[in-house]
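The following exercises are to be worked with the structure in view. Each task is followed by a solution in steps.

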Amino acid sequence: MLKLGIIGTNWITQQFIDAANASGEWQLTTVYSRQMARAKAFAATNHAPETFDELTEFFAKGSFDAVYIASPNSLHFEQAKLALAYEKHVIVEKPVVTNPVEFAELDACLAAHPHCLLFEAARQIHEVNFKQIQAQLAKMPQIQGATLTYMKYSSRYDAVLAGETPNVFSLKFAGGALQDLGVYLAYDAVSWFGMPDTATYTPTLTRTNVDGKGVAVLRYPKFTVTLNVGKTSQSFLPSEINGLRDAIVMNNPAELAQVAYHDADGQVTTIGVQPDANPMLAEARDFAAVINDPVSHQTDYQNWRQLSRNVNQLLFNLRQSGHIYFSDAERQLPAK
Ligand SMILES: NC(=O)c1ccc[n+]([C@@H]2O[C@H](COP(=O)([O-])OP(=O)(O)OC[C@H]3O[C@@H](n4cnc5c(N)ncnc54)[C@H](OP(=O)(O)O)[C@@H]3O)[C@@H](O)[C@H]2O)c1
């Protein structure tokens, strides 16, 4: 059993722990929280023996093999670097870091700690239905583009409307719709179609100056992919990938619970399977498999790293085109 430490005590961490337990590969041993009472409560619920409220001590004294980081986005970079310095494997929630400079620095840290592995927890790419869409795409005679929509009203937008700045709507914590939900769409687009030639983003800013919603246009040599993303309104539109007379239609391009192929004769075939009750189960299994046998899984691991690198670059390019910066230093960085 691999020993797991966690940073962040919100619901998503509980969901990952439940998935890790269900995989039969992980055992939660160590909990970090800024508040010891919260660490202890979380540890008690999950039968974890170790608790810390100081981060360096957590890494130095915690007896875990890998850390799952589910803190606000802008903290991922420093926390992942610290984990690697203490020879821990790292699973970081999406988006792994906020720009290509940070990504390259993590690559350098990984090179300096060659026994450590780092995963971005982009859960959907590990799921069966995601891979079956990829397989169906390869069979379609011609791709003519896609429109992917992920707009989910966030309860935290109520707090923005009430004058507060929750982390996910804050520039300081690298929030906004693109970073939060757009990352799923970026993973879809880059996995299914590759990196676009150009990418532009037209955001609608909130009072807190992050993108509450926005439209991204990715231009490929022979088609265009449009991404609609939002946390300040709700969409009920399905998403689709268009061929000639055929198309793949998804209820939601991140959850992929209902996916269908509409062929050129109008026949509709269901693609994929009933998703796991816990959407993080597949990634929990995959990460454990790679850590347990990195040599056999080297190709998968390197493919995920490259995908993560490309998604990081794409999200950064989109933000630059939409003039959304998380720091003054980012204003000086070129988009590629
Ligand atoms: N894969 C998915 O489906 C999914 C879903 C939701 C979120 N996420 C990702 O998970 C991460 C966390 O998202 P979230 O919405 O849970 O974030 P959040 O509620 O703002 O913060 C998560 C945790 O980080 C700690 N934290 C909060 N504010 C902090 C601060 N100012 N300084 C240091 N630590 C702080 C808190 O833990 P303590 O108080 O215990 O220290 C909190 O439980 C994000 O990267 C997000 O993109 C992924």
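Contact means heavy atoms within 4.5 Å. The model is a predicted one.

**Exercise 1. Determine how helix 8 and helix 10 are placed against each other, and which residues meet.**

Solution. 
Step 1. Locate the elements: helix 8 covers residues 177-193 and helix 10 covers residues 298-321.
Step 2. Read the geometry. The two axes are 9 Å apart, and the packing angle is about 125°.
Step 3. Classify the angle. Angles of 65 to 115 degrees count as roughly perpendicular and those over 145 as roughly antiparallel. Helix 8 and helix 10 are therefore oblique to each other.
Step 4. State the hand: helix 8 and helix 10 cross in a right-handed manner.
Step 5. List the partners. Helix 8 contributes Leu178, Gln179, Gly182, Val183, Ala186, Tyr187, Val190 and Ser191.

**Exercise 2. Describe the packing of helix 6 with helix 8.**

Solution. 
Step 1. Helix 6 spans residues 128-139, and its axis lies 10 Å from that of helix 8.
Step 2. The angle is about 40°. Because angles under 35 degrees count as roughly parallel, the angle makes helix 6 oblique to helix 8.
Step 3. The crossing of this pair is right-handed.
Step 4. On the side of helix 6, the contact is made by Phe130, Ile133, Gln134 and Leu137. On the side of helix 8, Tyr187, Asp188, Ser191, Trp192 and Phe193 take part.
Step 5. The contact of helix 6 with helix 8 comprises six nonpolar, two polar and one charged residues.

**Exercise 3. Carry out the analysis for helix 1 and helix 9.**

Solution. 
Step 1. Helix 1 (residues 11-23) and helix 9 (residues 281-292) have axes that come within 8 Å and cross at roughly 60°.
Step 2. This angle makes helix 1 oblique to helix 9.
Step 3. Helix 1 passes helix 9 with a right-handed crossing.
Step 4. Phe16, Ala19, Ala20, Ala22 and Ser23 of helix 1 make the contact with Leu281, Glu283, Ala284 and Arg285 of helix 9.
Step 5. Six residues of the contact of helix 1 with helix 9 are nonpolar, one is polar and two are charged.

**Exercise 4. State how the protein chain is divided into domains.**

Solution. 
Step 1. Domain 1 consists of 2-121 + 281-311, and domain 2 consists of 127-277.
Step 2. The C-alpha centres of domain 1 and domain 2 are 25 Å apart.
Step 3. In the contact, 16 residues come from domain 1 and 18 residues from domain 2.

**Exercise 5. Examine the backbone at Pro95 and at Glu87.**

Solution. 
Step 1. Lys94 and Pro95 are joined by a cis peptide bond, with omega about -10°.
Step 2. Pro95 lies in the loop between strand 5 (89-93) and helix 5 (100-112).
Step 3. Glu87, a residue other than glycine, has a positive phi, near 60°.
Step 4. Glu87 is located in the loop between helix 4 (76-85) and strand 5.

**Exercise 6. Where in the protein chain is confidence lowest, and where is it highest?**

Solution. 
Step 1. Over the protein chain, the mean pLDDT is 97, and 100% of the residues reach 70 or more.
Step 2. Confidence is lowest in helix 11 (residues 328-332), with a mean of 89.
Step 3. Confidence is highest in strand 4 (residues 66-69), at 99.

Conventions. Residues numbered from 1 in each chain as written. Predicted model: local features only at pLDDT ≥ 70, side-chain atom pairs only at ≥ 80, totals over all residues. Heavy atoms only, no water. pLDDT = per-residue confidence, 0-100. Helix = DSSP H or I, 4+ residues; strand = E, 2+ residues; numbered from the N terminus. Axes fitted to C-alpha atoms, helices over the stretch in contact; angles between N-to-C directions. Left-handed = near helix turned anticlockwise from the far one by under 90°. Domains from an automatic or database assignment. Nonpolar A, V, L, I, M, F, W, Y, C, P; charged D, E, K, R; others polar.
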